[in-house]
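I opened this notebook to record what I looked up in the structure shown below. The entries follow the order in which I consulted it.

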Amino acid sequence: MEPTTAPTKPQFSPAAQAEIKRLLTHYPEDRSKSALLPILHIAQAEFGGWVSPEVQDLVAETLNIKPIEVYEVATFYTQYNLKPVGKHVLEICRTGPCMLRGSDELTEHLERITGAKVGGTSPDGTFTLKEVECLAACGFAPIVQVREKYYEQLDTPEAVDAMLNELKSLLHRPILPWEENSTLPNSLKNY
Ligand code: FES
């Protein structure tokens, strides 16, 4: 019989711990739960672009709150991914103005090119497609958000191809502010 090994409990890197500590100085000691959203973002960046139940438990432990208080937030906001994702998550706006400017066609085009269906990941693990509501940039519709960057006016195949080529050329995800001075090996900075 194969020996069973307990799954390793996730831990924040020293750089992320330092960033969390810094963030918490912005809140009164008895209101540290208010830092939940940014800490979930740190957790998502640290652990491969998604927050597993174990990672959400770690966030709860870090803030000394109940796990359910993290689950209810992580499942409410579409910014948090609850299952494994590809290297780049493309958040496609599907609200009225973007729809009028061709977001349906954009989504179909992205599905065809990447091989991913909305809600899923391309077979090569490079792209995950998600539909989201208004990204507050309606004047530049149709819009796709990838992490902190907006790709605007994606109403031609050329514009879409340029976005995908730029993303494919990124070997590593961008280094996050709290990682700049980190001594973490690059392998831990990739997803
Ligand atoms: S409707 Fe797409 S950004 Fe507002």
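How many bridges join strand 1 to strand 2, and do they run parallel or antiparallel? I found six bridges between strand 1 and strand 2, and the two run parallel. I note that this is a predicted model, in which local features need pLDDT of at least 70 and side-chain atom pairs count only at pLDDT 80 or more, while totals for chains, interfaces and linings use all residues. Residues are numbered from 1 along each chain as its sequence is written.

**Entry: overall layout.** I counted seven helices and four strands in the protein chain; helices (H or I, at least four residues) and strands (E, at least two) are DSSP runs, numbered from the N terminus. From the N terminus, I read the order of elements as α-α-α-α-β-α-α-β-β-β-α. Of the 191 residues in the protein chain, 23% are buried; buried requires 20 or more other C-beta atoms within 10 Å of the residue's own, exposed 12 or fewer, and partly exposed lies in between, with C-beta atoms placed from the backbone.

Entry: I looked up the strand order and found an open sheet of four strands, 2-1-3-4, with mixed pairing; two strands pair if DSSP finds at least two bridges between them. Strand 2 and strand 4 (149–151) stand at the edges with a single partner strand each, so one side of each has no neighbour in the sheet. Neighbouring strands are turned by 25° against each other on average, direction ignored; axes are lines fitted to C-alpha atoms, for helices over the stretch in contact, and angles run from 0 to 180 degrees between N-to-C directions. Helix 6 packs on the sheet, where it touches strand 1 and strand 2, and its direction makes about 155° with that of strand 1.

**Entry: strand 1.** I checked burial along this strand: six of its six residues are buried. His 88, Leu 90 and Ile 92 point one way, and Val 89, Glu 91 and Cys 93 the other. His 88 stands opposite Phe 127 in strand 2. Glu 91 stands opposite Lys 130 in strand 2 and opposite Gln 145 in strand 3. With strand 3, strand 1 pairs in the antiparallel sense over two bridges.

**Entry: nonpolar cores.** I found 16 residues in the largest nonpolar core, and among those with the most contacts inside it are Leu 90, Ile 92 and Val 144. Such a core is a set of buried Ala, Val, Leu, Ile, Met, Phe, Trp, Tyr and Cys residues joined through C-beta atoms within 7 Å. Strand 1 gives the most to this core, with four residues. A second, separate core of 13 residues includes Ala 15, Ile 20, Leu 40 and Ile 42.

**Entry: annotated cysteines.** In an unreviewed entry, UniProt lists Cys 93, Cys 98, Cys 134 and Cys 138 under "binding site". They are spread over 46 residues of sequence, yet they cluster in space, the largest C-alpha distance being 9.3 Å. UniProt positions are in the numbering used here, feature names are shortened, and annotations may be inferred rather than shown by experiment.

Why does Cys 98 count as buried? Cys 98 does so because it has 27 C-beta neighbours inside 10 Å. Cys 98 lies in helix 5 (residues 96–100). Cys 134 is in the loop between strand 2 and strand 3 and is partly exposed, with 14 other C-beta atoms within 10 Å. Leaving aside residues up to four places away in sequence, Cys 134 touches Cys 93 and Thr 95; contact means C-beta atoms, placed from the backbone, within 7 Å.

Note on methods:
Two residues are in contact if their C-beta atoms, placed from the backbone, lie within 7 Å.
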